[in-house]
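This briefing sets out the fold of one protein chain, from its overall make-up to selected residues. Please view the sequence and the structure together while reading.

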Amino acid sequence: MTAAISMEGLTKYYGKTRGIENIDLDVQPGEVFGFLGPNGAGKSPTIRVLLDFIRATAGRATVLGFDTRADRVAISRRVGYVPGELAMYEKMTAREMLRFFASLRDLDDLGDAEPIAERLDLDLDMRIRAYSSGNRRKVALAVAFMHRPELLLLDEPTSALDPIVQQEFYAMIDEVRNDGRTVFLSSHILHEVERIADRVGIIRNGRLVVVDSVATIKAQAVRRLELRFAEPVAADHFSQLPSVIDTESLEDGTAVRVSVAGSVDAVVKAAAQFETVSVIADEGDLEDAFLTYYQDEEAGDAA
């Protein structure tokens, strides 16, 4: 099966300034892929190279089987794109702007734009210059989704959207997945990616440092277990166990807080040696895993 997106050694430098460096990645048809990283990590340059808005310094990429440099027009007809920074035709109404994009895509009408606008609570007959930043983002989503593209490239798509509209956006992404279409979502809103993505890639300083399922990466998050015992138990009993990164005695010594990065199996087995009254687990999420991974990588760089 041809990958929806394929990158091989993809690199972009602006003079001596790094954009992205040596990215190898395949995104499969039908999956929602989250592309994670803080501002300046290289998320937006990656998308711009895929759309041939900028040219790679080295490496190559294909989108839906088309070469990004040779087949830009074929790609643009099949892709829906929401940029991180919006530039719009200020004097147009949203309806006029949608009609313009419909003509570029050879649509007979506005495609799905009107029902999408209704879902997002967007008035199509106001001029763009009168819109708030949230309504401008809704227009961008309508432009991206209106022609039912095979692939959606979304760069910070929910920026400035209120929580109710965000939930509608998540429903739209679920529908795209159910149709067997593909989403490449760049974001630094980690709970959003955790909600909708199948796999994620973390980019740091222009390099892709990990790619895996959301569940697998979450398993690397720091989790905190509060263990309560019938009698005092020394925190040192847990401090040398695999995956344990910190321990702390609580109250009169009958409770121990253990911070674990990875499997909690060794901690549970060690606790079973004593009369355990209760175990309270703080389940890690994608944000915890992301921060832990980033901190570990930065510590490695410093070393």
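**Overall picture**

Among contacts in the protein chain (heavy atoms within 4.5 Å) between residues at least 6 apart in sequence, 67% join residues at least 24 apart. The model is predicted: local features need pLDDT of at least 70 and side-chain atom pairs count only at pLDDT 80 or more, while totals for chains, interfaces and linings use all residues. Residues are numbered from 1 along each chain as its sequence is written, and side-chain values use heavy atoms, with hydrogens and water left out.

**Chain as a whole**

- The protein chain has 11 helices and 14 strands; these are DSSP runs numbered from the N terminus, helices being H or I of at least four residues and strands E of at least two.
- Along the principal axes, the C-alpha atoms of the protein chain fill a box of roughly 75 × 45 × 35 Å.
- Of the 303 residues of the protein chain, 46% count as buried; buried means under 20% relative accessible area, exposed over 50%, and partly exposed in between, with a 1.4 Å probe and protein chains only.
- The accessible surface of the protein chain is about 14600 Å², as given by the Shrake-Rupley method with a 1.4 Å probe, where for residues only the protein chains shown count as cover. Carbon and sulfur atoms account for 47% of this surface.
- The protein chain carries 34 positive and 50 negative charges, whose mean positions are 9 Å apart. Lys and Arg count as positive and Asp and Glu as negative, whereas His and the chain ends are not counted; each charge is placed at NZ of Lys, CZ of Arg, CG of Asp or CD of Glu.

**The mixed sheet**

- An open sheet of 6 strands has the order β6-β7-β8-β3-β9-β10, with mixed pairing; two strands pair if DSSP finds at least two bridges between them.
- Its edge strands are β6 (79–82) and β10 (207–213), each of which pairs on one side only.
- Neighbouring strands of this sheet are turned by 15° against each other on average, direction ignored. Axes are lines fitted to C-alpha atoms, for helices over the stretch in contact, and angles run from 0 to 180 degrees between N-to-C directions.
- Helix α5 (residues 133–145) packs on the sheet and touches β6 and β7 (151–155); the direction of α5 makes about 170° with that of β6.
- β6 and β7 are parallel partners over 4 bridges, and Val82 has Leu154 in β7 as its bridge partner.
- From β6, Val79 and Tyr81 point one way and Gly80 and Val82 the other way, and all are buried.
- Strand β9 (residues 199–204) pairs with β10 in the antiparallel sense over 6 bridges; Arg204 stands opposite Arg207 in β10.

**The antiparallel sheet**

- A further open sheet consists of 4 strands in the order β12-β13-β11-β14, paired antiparallel.
- Because β12 (244–250) and β14 (276–282) stand at the edges with a single partner strand each, one side of each is left without a neighbour in the sheet.
- The twist in this sheet averages 15° from one strand to the next.
- Strands β11 (residues 222–229) and β13 (residues 255–261) run antiparallel and are joined by 7 bridges; the bridge partner of Arg223 in β13 is Val260.

**Buried elements and residues**

- Helix α1 (residues 43–50) is largely enclosed by the rest of the structure, because 6 of its 8 residues are buried. The buried residues of α1 are Lys43, Pro45, Thr46, Ile47, Val49 and Leu50.
- Lys138 is found in helix α5 and counts as buried because its relative accessibility is 7%. Leaving aside neighbours within four places in sequence, Lys138 is in contact with Leu120, Asp121, Leu122, Leu161 and Val165.
- Gly9 lies in strand β1 (residues 5–14) and, at 15% relative accessibility, counts as buried. Beyond residues up to four places away in sequence, Gly9 touches Asn22, Ile23, Asp24, Ala58 and Gly59.

**Positive phi values**

- Most residues other than glycine have a negative phi.
- Asp52, which follows α1, has a positive phi near 60°.
- Arg148, in the loop between α5 and β7, has a positive phi near 50°.
- Ala160, in the loop between β7 and α6 (163–178), has a positive phi near 75°. With a relative accessible area of 46%, Ala160 is partly exposed.
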